[in-house]
Amino acid sequence: MSGGRRPATGVVWSADGVIVTTARVARRESELTVTLSDGSELAATLAGRDRSTDLAVLRVRASALPVARWRDADGLKVGQLVLALARPGRTMRARLGILSTVGQEWGVPGGSRIDRYIEPDIEPAFGISGGPLIDAEGRAIGVNTARLQRGTVLTIPTSTLRRVVDTLLAHGRVRRGYFGIAAQTVPVPAALESTVGGRAGLLVHEVEPGSPAERAGILIGDLIYSIGGRPVSRPDQLMGLLTEDRIGASESVRFVRAGRLEEVQVTIGDRPQQ
């Protein structure tokens, strides 16, 4: 598979020509080609891309393509054998390993949610992103990426693929809530701990012009400790609250400003596509 000068691996998602690959290869939409297992090359179009999960969906004019057998993450165990497949050009590559970590749901920068943290003990290699991770029975556990966590290959599980692929096919992108600040975790003043119900909050150090936060009156230096009645003390907690279903919702934001407790209403926006 190639996007201009960017060869990569992809996986057939459905027999009618839907291909799942990495978001990076799909940057140059006018130069996308897919090489099938029989060596034939097909022009591809971009159906949608989601940088936050490093996934893209392509379409080719084909039918009756061989489809991977997908399996869910239930039953996966640390130590079981897995095979990472890659085909960045005309030659197939494979790396044998084991599952070193099988964790729970986790959030990644950009506000996306990955249903399970799956990490095989496989070194990042050319073309591995976009390829499948296969179990001992030949079933695809998910799609590999070397871009969500530096220096580590992670596997995006099938359940996440279903959700993202369906959304990209329907809308071309994944909608996420937009608040419009940059913030870091800092301690709450000791005198206010009992009032705010926690020891840490988010100190705002940047407010994006025209963002929902700016329109609501959030300022640099505000110490946010609650959004929509939910405590927040880490940036990932804030991102986790900005789900698609909250777009357009008005949320109460409580914060400390110059030693005083304040509250404003912020209407969650639709994050601009990058």
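User: How do the residues lining the second largest pocket divide into nonpolar, polar and charged?

Analyst: This is a predicted model, and the pocket in question holds about 530 Å³ of space. Its lining is made by 22 residues, with G10, V11, V12, S37 and M92 lying nearest the centre. Sorted by class, the residues of this lining come to 14 nonpolar, five polar and three charged.

User: Which element gives the most residues to the lining of the second largest pocket?

Analyst: The second largest pocket has a volume of about 530 Å³. The elements that give two or more residues to its lining are β3 (10–14), β5 (32–35) and β13 (132–134). With three residues, the element that gives the most is β3.

User: How many charged residues are in the lining of the largest cavity?

Analyst: The structure holds one cavity of 30 Å³ or more, and the space in the largest cavity is about 30 Å³. Its lining consists of I227, G228, R230, L241, L242, R246, E251 and I268. Four of these lining residues are nonpolar and one is polar, while the number that are charged is three.

User: Is I98, in the nonpolar surface patch, buried or exposed, or does I98 fall in between?

Analyst: I98 is found in strand β9, which covers residues 93–102, and together with L81 and L96 it makes a nonpolar surface patch of about 290 Å². Buried means under 20% relative accessible area and exposed means over 50%. Because the relative accessibility of I98 is 32%, this residue counts as partly exposed.

Note on methods
Residues are numbered from 1 along each chain as its sequence is written. This is a predicted model: local features need pLDDT of at least 70, side-chain atom pairs count only at pLDDT 80 or more; totals for chains, interfaces and linings use all residues. Side-chain values use heavy atoms; hydrogens and water are left out. On a 1 Å grid over the protein atoms alone, a cavity is a set of points where a 1.4 Å probe fits but cannot get out, and a pocket is an open set with protein on both sides within 12 Å along at least five of seven lines; lining residues have an atom within 4 Å of a point. Grid points are joined across faces, edges and corners, and a volume is the space filled by probe spheres set on the points. Ala, Val, Leu, Ile, Met, Phe, Trp, Tyr, Cys and Pro count as nonpolar, Asp, Glu, Lys and Arg as charged, and the others, Gly among them, as polar. Patches are made of residues with over 30% relative accessible area and no salt bridge: like charges are joined within 9 Å, nonpolar side chains (Val, Leu, Ile, Met, Phe, Trp, Tyr) within 5 Å. Accessible areas come from the Shrake-Rupley method with a 1.4 Å probe; for residues, only the protein chains shown count as cover. A salt bridge is a side-chain nitrogen of Lys or Arg within 4 Å of a carboxyl oxygen of Asp or Glu. Helices (H or I, at least four residues) and strands (E, at least two) are DSSP runs, numbered from the N terminus. Buried means under 20% relative accessible area, exposed over 50%, partly exposed in between (1.4 Å probe, protein chains only).
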